[in-house]
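Please keep the model in view while reading.

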Amino acid sequence: MPFVFARDQHVILDGTDVIAGPEATQMGLREAQRRAARLGHLTLVTQDAAGFEAALARIYQSQDDSPETQDSLTFELEDTGSGGQGPARQRDLLEDSGDAPVVQLVNQLLRRAVTAGASDLHIEPYEGGLRARLRVDGFLKTVMDRSDVPVKRVVSRLKVMAGLDIAETRLPQDGRIPLSLGGRQIDTRVSSLPGNYGERIVLRILDRSAGLMELSDLGLSKDQVTLLHRLAALPNGVILATGPTGAGKTTTLYSLLKLANRDERNIVTVEDPIEYDLPGISQSQINADIGMTFANGLRATLRQDPDVILVGEIRDGETSSVAAQAALTGHLVFSSLHANGSVGAVVRLRDLGLDDFLIAATLRGVIAQRLLRRLCADCRKPHAPSPAEAAHFTRHGLNVPDTIYAAEGCTACGNSGYAGRVGIFEMIEVGESLRAAIDAGASEAEMRRLALTGRETLIGQGLMEVAAGRTSIAENLRVVGDVA
């Protein structure tokens with residue numbers, strides 16, 4: 001039966017099984033019986049709401065999603081679409097199977113991105129046509145490269161879905177597309193950028209149904225979990241999560257918020273975007289177009305009698321100054337910052353214009369993190385460390401393991417040698433000696449010597465993952481590098 005009918009009537013016909021959801025209608029059941037009359041005996045399978053949504057996604061999302069089907073699309077038809085600006089409405093990616101080829105192609109690319117667990121989808125016009133790539137586990141993988149695709153119509157379709165102005169092709173634009181895939185709520189941030197051969201579109205994909213990870217699943221050691229609990233219980237100060245885009249900073253901050261969330265505390269967040277709904281916490285969305293910036297949002301939260309404040313990101317001197325003032329006046333402030341390491345956060349705050357005495361007075365802890373690709377358990381290849389590989393361990397004061405593993409590649413991991421990712425964390429708690437060094441304007445190297453030992457650094461944590469067989473030396477050096 002058509003997807004929209006099955007979804008709305010809560011009835012799915014799967015061979016000789018009729019799967020009925022909790023809101024199944026008589027019309028849907030009669031239609032299923034009519035369509036399957038030639039099959040003989042039918043079996044009625046009842047499901048709760050979650051089970052029905054899962055069945056809906058399983059049965060319908062596989063259709064028309066193969067690369068062969070995608071490559072067989074032809075583009076003689078004009079794209080639907082008068083376009084123009086307008087609010088984005090939620091679309092289900094399992095709909096529109098009978099639409100124009102451009103619409104089908106866009107839906108298939110979005111479906112592949114969601115089902116592959118991609119964090120980003122890149123739509124890239126170039127001289128030879130149009131290329132689409134997915135970022136999975138931090139690596140970009142080409143899923144389409146065709147010369148016959150009407151580039152402008154594909155880009156226009158995505159801009160229409162995101163509520164962007166399709167007549168404006170000279171300026172960058174940002175929007176969002178709310179989607180669902182068989183009941184899973186998907187949110188995408190859309191960014192367009194003009195280029196030589198047309199507008200390039202990048203979509204950041206957020207699966208809201210994935211939920212937050214527990215601390216035990218993040219890859220933290222027992223000592224690190226203990227430190228996080230201690231930081232979350234502080235009455236005031238600034239706690240920062242640092243790392244590049246896509247390193248999982250927001251997940252760590254949300255985990256900290258969950259630790260700090262108690263009935264006697266008022267917790268307010270200022271985010272861009274709001275990635276997960278947190279029960280019992282007031283969350284606000286940034287909107288720079290109307291002046292709702294991080295700095296202005298943070299100032300407004302201070303009038304809401306907060307105990308704990310989450311600022312999505314410290315991007316400029318104004319936001320860092322207001323965050324420091326909030327910490328000085330008795331608030332606990334969580335935020336993220338783009339810096340290369342935990343001690344590097346102090347240098348970055350200096351770069352943003354904060355005085356050393358203010359950093360020393362307010363900064364309580366910094367968490368630097370990276371994500372390493374996890375070795376595929378089916379094909380990882382054991383070997384004894386070479387002298388060069390052993391030197392990495394000895395340089396950082398770690399025991400050289402007897403066996404380490406390298407990526408091999410098999411069908412289970414798509415011949416990449418890796419499946420999934422594991423987090424590594426470098427954490428510092430600002431104690432008296434480090435606070436004095438910051439106040440005195442110490443260099444990054446001096447602060448590192450005071451705050452970190454070999455195994456506590458990002459490279460040390462990564463080497464411990466290598467020794468445990470969860471990742472490879474090559475992956476560790478690619479992400480972190482061998483910096484003492």
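At what angle do the axes of helix α9 and helix α10 cross? In this predicted model, the axes of α9 (residues 294-301) and α10 (residues 317-328) cross at roughly 20 degrees and come within 8 Å. Angles under 35 degrees count as roughly parallel, and therefore α9 is roughly parallel to α10. The crossing of the two helices, α9 and α10, is left-handed. On the side of α9, the contact is formed by F294, A295, N296, L298 and R299, while α10 contributes E318, T319, V322 and A323. Sorted by class, the contact of α9 with α10 comprises 5 nonpolar, 2 polar and 2 charged residues.

**Overall composition**

The protein contains 17 helices and 19 strands. It has 484 residues, of which 48% count as buried. Among the contacts in the protein with a separation of 6 or more, 64% are between residues 24 or more positions apart.

**Nonpolar cores**

In soluble globular proteins, nonpolar side chains tend to be buried together. The largest nonpolar core in this model has 35 residues. Within this core, the residues with the most contacts are L240, L337, I359, L363, I438 and M447. Helix α10 supplies the largest share of the core, namely 5 residues. A second, separate core has 31 residues, including L121, A132, L158 and I205.

I438 touches V346, R350, D356, I359, A360, V430 and M447, when residues up to four places away in sequence are not counted. L363 lies in strand β16 (residues 363-375). Why does L363 count as buried? The relative accessible area of L363 is 1%, and the term buried applies under 20%. Leaving aside neighbours within four places in sequence, L363 is in contact with V238, L240, V346 and V430.

**A buried loop residue**

A339 is found in the loop between β15 (332-337) and α11 (344-351). With a relative accessibility of 10%, A339 counts as buried. Apart from neighbours within four places in sequence, A339 is in contact with T242, G243, G344, A345, R348 and R370. A339 and A241 are 98 residues apart in sequence, and their C-alpha atoms are 9.1 Å apart in space.

**Positive phi angles**

Most residues other than glycine have a negative phi. H10 has a positive phi, near 60 degrees, and is not a glycine. N415 is likewise not a glycine, and has a positive phi of about 65 degrees. H10 is found in the loop between α1 (3-9) and β1 (11-14), whereas N415 is found in the loop between β18 (404-406) and β19 (418-429). Is each of these residues, H10 and N415, buried or exposed? H10 is buried, but N415 counts as exposed. The relative accessibility values of the residues discussed are set out below.

| Residue | Relative accessibility | State |
|---|---|---|
| L363 | 1% | buried |
| A339 | 10% | buried |
| H10 | 13% | buried |
| N415 | 59% | exposed |

Conventions
Residues numbered from 1 in each chain as written. Predicted model: local features only at pLDDT ≥ 70, side-chain atom pairs only at ≥ 80, totals over all residues. Heavy atoms only, no water. Axes fitted to C-alpha atoms, helices over the stretch in contact; angles between N-to-C directions. Helix = DSSP H or I, 4+ residues; strand = E, 2+ residues; numbered from the N terminus. Parallel < 35°, antiparallel > 145°, perpendicular 65-115°, else oblique. Left-handed = near helix turned anticlockwise from the far one by under 90°. Contact = heavy atoms within 4.5 Å. Nonpolar A, V, L, I, M, F, W, Y, C, P; charged D, E, K, R; others polar. Core = buried A, V, L, I, M, F, W, Y, C linked by side-chain atoms within 4.5 Å. Buried < 20%, exposed > 50% of the residue type's maximum accessible area, 1.4 Å probe, protein only.
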